[in-house]
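Hi,

Here is the structure I promised to pass on. Have a look at it first, and my notes on what turned up follow below.

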Amino acid sequence: MAHPFLPAAHLRREQQRLRREGITSWEEVADLDDARLRDLAASGEASEARLIRLRGQARLVSTVGLAPEEAALLLHGGIASPAGLAAADPQQLLLQLGRLQRRLTGSAVPPVDLPLVLAWIRRARQASGRSPN
């Protein structure tokens with residue numbers, strides 16, 4: 001399922017800069033290399049660090065098939081790439097994300113559970129060509 005390119009509100013400047021360059025999808029952001037990100041940030045209209053984080057989120061969205069919100073949670077939890085997700089320990093990741101999610105959203109959002117974390121890891125492993133087990 002393709003998700004519309006709608007980054008979090010705090011990334012509005014970066015989204016606007018990307019749109020001015022014709023970059024309007026998670027897939028296009030995921031494909032940006034470091035040199036292109038530096039060029040996009042050189043104008044001062046966007047932060048290079050935020051563009052790098054946005055690219056990490058985009059890679060999780062486009063490669064693993066996560067929802068943008070799921071990818072953002074993983075980024076905040078220290079998982080910045082599909083390879084990092086594929087190598088993650090499910091129990092440790094669940095614990096880490098549970099703490100983070102409670103701090104960020106309280107009880108307003110249902111907590112991430114082990115079957116969901118396992119599904120994310122399995123999809124990341126499949127995307128990277130690793131054994132799903």
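This is a predicted model: local features need pLDDT of at least 70, side-chain atom pairs count only at pLDDT 80 or more; totals for chains, interfaces and linings use all residues.

Let me start with the packing: the buried residues of helix 1 are in contact (heavy atoms within 4.5 Å) with helix 2 (26-30), helix 3 and helix 4. Helices here are DSSP runs of H or I with at least four residues, numbered from the N terminus. Buried means under 20% relative accessible area, exposed over 50%, and partly exposed in between, with a 1.4 Å probe and protein chains only.

Residues are numbered from 1 along each chain as its sequence is written, and side-chain values use heavy atoms, with hydrogens and water left out.

Back to helix 1. Its buried residues are Glu 14, Gln 15, Arg 17 and Leu 18. Seen down the helix axis, they fall within an arc of 160°, so they line one face of helix 1; the arc is taken from the directions from the axis to the C-beta atoms.

Now the charged pairs. A search of the whole structure gives five salt bridges, each being a side-chain nitrogen of Lys or Arg within 4 Å of a carboxyl oxygen of Asp or Glu. Here are three of them:

- Arg 17 pairs with Glu 21 at 2.8 Å, N to O. Arg 17 is buried at 10% relative accessibility, whereas Glu 21 is partly exposed at 35%.
- Arg 20 and Glu 45 form a salt bridge at 2.1 Å, N to O. Arg 20 sits in helix 1 (residues 12-20) and Glu 45 in the loop between helix 3 (34-42) and helix 4 (48-64), so this pair ties together parts that are 25 residues apart in sequence. Glu 45 is partly exposed, at 31%.
- Asp 34 bridges to Arg 55, with the closest N and O atoms 2.8 Å apart. Because Asp 34 lies in helix 3 and Arg 55 in helix 4, the pair ties together parts that are 21 residues apart in sequence. Asp 34 is partly exposed at 42%, and Arg 55 is buried at 9%.

There is also a network of salt bridges, which links Arg 17, Arg 20, Glu 21, Arg 36 and Glu 45.

Cheers

Terms used
Helices (H or I, at least four residues) and strands (E, at least two) are DSSP runs, numbered from the N terminus.
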